[in-house]
Amino acid sequence: MKLKLLLLSIFYISNLCFAQETPIKIGIAPHSSTRVILEFHQDLRLFLENYFKRPVQILTAKNFSEFTKRSNEGTYYDLILTSPNLAVLAQKLGGYKPIMTYSKGLSTILLATDKNILESKKLPLHVIGLDPVSFPTLDAQDWLEKNGFEDGKEIKYTYTSATDSSISILLNNNADMIIMSLPNYIKLMTKEIKDLVHIIYQSEPKPSRIYLAKSADGITLEEWETALDAFSKSPEGKSHLEITKLEGFKKIEQKDLDSLGSIADKTMERLNN
């Protein structure tokens, strides 16, 4: 009996140690290139590694559609940082809880090298978005449609995997307009580039990128809430804000997401097509 208890204890301790060494997987929506995403979230990774005493992996996906499907499965990522429409789906379908966001709202930017591009007679205009289900893409397309530019008629859309790529495409005159978020505009647009382009549309601020988590892989939801609160007040959190230029952190409230039902429905419709 003593030997059996000893073996069971060793088995339990071994499994516990193994679990503690399992990497924490953080999923970041592919709003920029993989290089930029890894660079801009090193402070978060290092803080969480020290906080939980476990290795942390920063993961993304080749596009928003793939990232969203993984998030909605509810098992691929332990912590998610994503745009508001995808956060709504991750909450409903993946069982994640929205915890924290940034104080700077998420605005959509539509850029062109020609400030009179909407008056052009050379149709259809070629517009580049990040992905059919990215928040800025859906927002800009809704605005263009309301202003008489219908997909397949006055407008032709193509998509690229990263905002920095779309900027190059626009400057090389291979697109008429590009869609991006305000955070990416602030991060990626140098003064020299800004002098070459014009803002055709900028939306009112919407909820920014949202952190979501769930009880899984040895970490409870309450522990995630405490960890993210600690990160928001830490030197690493301050450094993250300086790099991303997102000003500050704040807790997300359910009412902030309740107004996003229609854009979340449109996102789901596109994912299912």
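Residues are numbered from 1 along each chain as its sequence is written. Because the model is predicted, local features need pLDDT of at least 70 and side-chain atom pairs count only at pLDDT 80 or more, while totals for chains, interfaces and linings use all residues; side-chain values use heavy atoms, without hydrogens and water.

**Sheets and helices**

Helices (H or I, at least four residues) and strands (E, at least two) are DSSP runs numbered from the N terminus, and two strands pair if DSSP finds at least two bridges between them. Axes are lines fitted to C-alpha atoms, for helices over the stretch in contact, and angles run from 0 to 180 degrees between N-to-C directions. Contact means heavy atoms within 4.5 Å.

Five strands form an open sheet of mixed pairing, in the order β7-β6-β8-β5-β9. Its edge strands, β7 (155-159) and β9 (198-202), each pair on one side only. Neighbouring strands of this sheet are turned against each other by 30° on average, direction ignored. Within the sheet, β5 (residues 108-112) and β8 (residues 177-181) run antiparallel and are joined by four bridges; L110 has I179 in β8 as its bridge partner. Two helices lie across these strands. Helix α7 (residues 163-171) lies across β5, β6 and β8, and runs at about 155° to β8.

The other open sheet has six strands in the order β2-β1-β3-β10-β4-β11, again with mixed pairing. Here β2 (56-59) and β11 (249-251) are the edge strands, each pairing on one side only. The twist from one strand to the next averages 25°. Strands β3 (residues 79-82) and β10 (residues 210-213) are antiparallel and share four bridges, with I80 opposite L212 in β10. Helix α4 (residues 64-73) packs on this sheet, touching β1 (24-28) and β3, and its direction makes about 145° with that of β3. Helix α10 (residues 221-232) touches β1, β3, β4 (97-102), β10 and β11, and its direction makes about 5° with that of β4.

**Cavities and pockets**

On a 1 Å grid over the protein atoms alone, a cavity is a set of points where a 1.4 Å probe fits but cannot get out, and a pocket is an open set with protein on both sides within 12 Å along at least five of seven lines; lining residues have an atom within 4 Å of a point. Grid points are joined across faces, edges and corners, and a volume is the space filled by probe spheres set on the points. The whole structure holds two cavities of 30 Å³ or more.

| Space | Volume |
|---|---|
| Largest cavity | about 80 Å³ |
| Second largest cavity | about 40 Å³ |
| Largest pocket | about 390 Å³ |
| Second largest pocket | about 180 Å³ |

The lining of the largest cavity includes H31, F64, F135, S181 and R209. H31 and R209 also line the second largest cavity, together with residues including H41, Y102 and K187.

The largest pocket is lined by 17 residues, of which L138, Q141, D142, K266 and R270 are the closest to its centre. Helix α6 gives the most to this lining, with six residues, and α13 (261-272) supplies at least two. In the second largest pocket, the largest share of the lining, four residues, comes from α10; among the lining residues are I99, E225, D229 and K250.
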